[in-house]
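Here is a short briefing on one structure. Take a look at the model before reading on.

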Amino acid sequence: MSDTNANTPGGPIYRAAKALGLLNVAILSIFALGIIAIKFNETLLRVFYPRGLPDWGAEVSTYLMAWGLMLSLPVLVLRGENIAADFLINLIPEKVRKAISLGEEIAGAIFCAFVAWGGYLAVELAHRLGQISDTSLQFPMWMYILAVPVGFGLASIAYLLRLAARVRPGIKFWKGAEQ
Amino acid sequence: ADYTLSVSLDTGPTHIRNASMRLYAEELLKRSDGKLELEIFDSASRYRGPDVATALVQGAIDIGVPADQHLGKFVANTGLLLLPMVYGLPRETLYNMTDGPVGDEVRAELEQKLGVTILGRSLDLGHGTIFSADSLIATPADLVGRKVRVPGGAATLERYRVFEANPVQIAWSDLPQALERNTVSTIWATHESVRSAKLWDAGIKYAFDDRQAYVQYVPMVSAAAWGKLPEDMQMLMKDTWEDMVDGFRDTAAQRQFDSVEINRQNGITVLLPDATTTSQMRENLLAAQPGIVAELNMDPDLVDRAKAALTAE
Amino acid sequence: MIAVFFGLFLVLLFSGLAIYLALGLSAILAWYVEGIPLVAFSQFFADHLNTPKFVAVPMFVIAATFMERGRISNVLVDFALSIFGSLRGALAYVSIAATAIFAAISGSSVATALAMGKSLIPQMRARGYPDTFTTGTIGAAATLGILIPPSLPMIIYALVVEESVPRLFLAGVVPGLIQVALFMLYVRWRGRNMPAEGAFDLAKVRRASARAIPGLTMPMVVFGGIYSGLLTVNEAASAAAAMAIIISWLFYRTVTAGDIPFLLSDSFRETAKIMIIILAALALAHWLIGQGVARSLADYLNNSGLTAIQVLLIANVIMFFLGMFLEVISVILIFVPLLVLTLDTMGIDKVHFGIVVIINMELALLTPPIGLNLFVLSGISGVPIKQVMRGMIPYALLMFCLLMLVTLVPEISLFLPNLVYGS
Ligand code: NA
Ligand code: NA
């Protein structure tokens, strides 16, 4: 996808987008390497020192995966990379297709906002009940569940950005920040 | 029916918990003249075991019967039946604790904290047993240094640390493969569960029935569902449960008994510990109990009263 | 009510919305009408993400991404083609075989499709295979992920019907090999106009194999690790990811240190694309299960006085229909529990029926409107779903023949487990 309003990148939006994008890449990398490290450690301990095997390896690597997947959502939305069914797309007239794509961005923003709101309620509940994991880590579950409202909240904002870019194309500077 | 409540269970249709809930549903339908119907969903088709309690709190399902092990993350005191003091005791003795004031107190704490209604006394699965694929286990001392699969639950993990074994958490569904590939060769489970999964095919050859701990299920109704029922229906549910629960427990015990026989027929050698071994191991474990209770943030005073209920004849 | 929400879902889907959004919007509305609080909807997502088995998926995707970008898969493919290159369509055979081998370590067809698609599609493209054929071949072969053991759906099935997992796993082996053979026969038949890589040349083999040695250690560690019991699947997947990073960065030097973070985050995104569809599909299925939709169908089967063969055939039709719209595990959870007692009374072997279910579910991965392998292949290749579908049709027809064969001849599935464990 190329931008027609090719203003030279470099404005504040461009720089903010670039910084956030790199932050996202850095966090996901740390999570991925974290999972690899945990699994490597588990393998070594099981072979050489089984008594030292922690009971939270599976748990923590699952949390890292879930956070990583949720933090990927807003980037998928910004890049328009979510998979769509194109079975009948050729039968739909161009004009209607444009209207649908506007509708999709509005619906996406609303849906993700609802899931984020529900996720916030779930976090709040887990926090209030003091819910912990049943391993020796006794991990506070609200910190895990928080991945859902954060991921979907950011995805909702990403849809809003795409909507805003329809009115103010200059906002599309974020595109220039993509690797 | 005027009132339909959904029941979400994470075990298969023939499991004792599901069979009991079906009988309960039939009886409720009969006693309510067709006004009160339970619709049962098996095999975790709606919620998985660890997720049932949260779904009840949030009002996403009407009835759930979660295991104690899955309630510990909300109320630590639900771990009583997994503590060392339970070691080696028959179910009749355990009922002194779970059906008396101590049990009532735990149920009240659950109701208060989760906002659910508990129908009554717990349903039984039975005693856990140690199974092994590679060598006979005759005393708990044979567990030293061994990797043992446990279903999870902080109290269970701690107990195995006292045995100086290495407890590893493996989900029930992953167990056959873990056994076949020798990821573990020793597991903690019940006879009924081993029978239902035909774990002899996965290599299980020995069983050691030292009655380490006991598995129970708590019948719960969500606040939303309970609130929709008129008082007479609420009474009917509780009364019917009270009338039937002893029968369900006896059936569970009978099933475990039958399963031992089936497991034997499929080549599993079942050993019972002698009295001295049991009492000695119990002493060892009891010494570690205060530490476990503190680690899990259980109420030491409640645990003391529970212990008293278990030792009073 | 079912018609309303399914109608809504289909309209949203066919209007070209993101699939997760079409599913998610229908699901959240259905939950709302059902009176389930919003908090439970989001909790449902959190609950299902909290599945340790899923960890293997992004790890395998990382491994595949680095294999592809780091040219490890290129080197391995060169090696395989140096041996089999004289055959027309050699790379198609190699891809099917490689996918079957990967299926022997992964219990999920989606993970298999992601990993194999990611590493093999660019290879087939570069050698001039048409996109439709490429995506169709890999997408269909990846369904083997649930037929060749291990298999997550088989484990779920075993829990539901109280059958032994080792027996079911073994029962999948022969039908899995038959499926491989059928696919290869199709490639042979199509192969007349496929590329070949030239005659066998020992010197070429020697050169290619020397270069492939570092790359070959990877499948060996993963395979050996899992089958010796040394590594769990998650550990093996992580080991594969680590090895792919190190080999492409330090041995082949095809990836720089600066590329690594970007490839890691790409892999997460690639996984998230599919995972969010699965989550939304599960949410819609969750609601559908509550509607007791399959109950009436199963009641009919239970009380119809049909013969065992008739029950099997009708069950196949029902599952095929459910499989068009639902994700595999959901179909098993919705339909199989209702049928358990019938199986017993009709004397249908539960291992045999299990394999019938699994092959039917392989087809479900390919059938629109919700066919996860279609989405995966389209997602990683950029080829339109319609085209991917066209490529899969011949394979789906072959799988249909396999389904009928296994349904009507129980011995195909039961022979091996009965031999090993006794009948
Ligand atoms: Na597999
Ligand atoms: Na389908």
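The contact between the two chains takes 59 residues from chain C and 60 residues from chain A. This is a predicted model.

**Interface of chain C and chain A**
- Together, chain C and chain A bury about 5100 Å². Carbon and sulfur atoms account for 76% of that area.
- Leu49(C), Phe268(C) and Arg269(C) supply 14% of the area that chain C buries against chain A.
- Two salt bridges are counted between chain C and chain A.
- Glu235(C) forms a salt bridge with Arg46(A). Their closest N and O atoms are 2.8 Å apart.

**Sodium site in chain C**
- The protein donors of the sodium ion (ligand 1) are the O atoms of Ala103(C), Ser106(C), Gly145(C), Ile148(C) and Pro150(C). They lie 2.2 to 2.4 Å from the ion.
- Along the chain, the donors follow the spacing A-x2-S-x38-G-x2-I-x1-P.
- Ala103(C) lies in helix H6 (residues 90-103) of chain C, and Pro150(C) in the loop between helix H8 (131-142) and helix H9 (152-161), so the pair ties together parts that are 47 residues apart in sequence.
- Both Ala103(C) and Pro150(C) are buried.

**Helix pair in chain B**
- Helix H4 (residues 101-114) and helix H11 (residues 300-311) of chain B have axes that come within 9 Å. The axes cross at roughly 145 degrees.
- H4(B) contributes Val102(B), Glu105(B) and Val106(B) to the contact. H11(B) contributes Leu302(B), Arg305(B) and Ala306(B).
- By class, the contact of H4(B) with H11(B) has four nonpolar residues, two charged and no polar.

Technical notes. Residues numbered from 1 in each chain as written. Chains lettered and ligands numbered in written order. Predicted model: local features only at pLDDT ≥ 70, side-chain atom pairs only at ≥ 80, totals over all residues. Heavy atoms only, no water. Axes fitted to C-alpha atoms, helices over the stretch in contact; angles between N-to-C directions. Helix = DSSP H or I, 4+ residues; strand = E, 2+ residues; numbered from the N terminus. Contact = heavy atoms within 4.5 Å. Nonpolar A, V, L, I, M, F, W, Y, C, P; charged D, E, K, R; others polar. Donors = N, O, S within 2.8 Å, 3.2 Å for Na, K, Ca; no water. Buried < 20%, exposed > 50% of the residue type's maximum accessible area, 1.4 Å probe, protein only. Buried area = accessible area lost by both parts, 1.4 Å probe. Salt bridge = Lys/Arg side-chain N within 4 Å of Asp/Glu carboxyl O.
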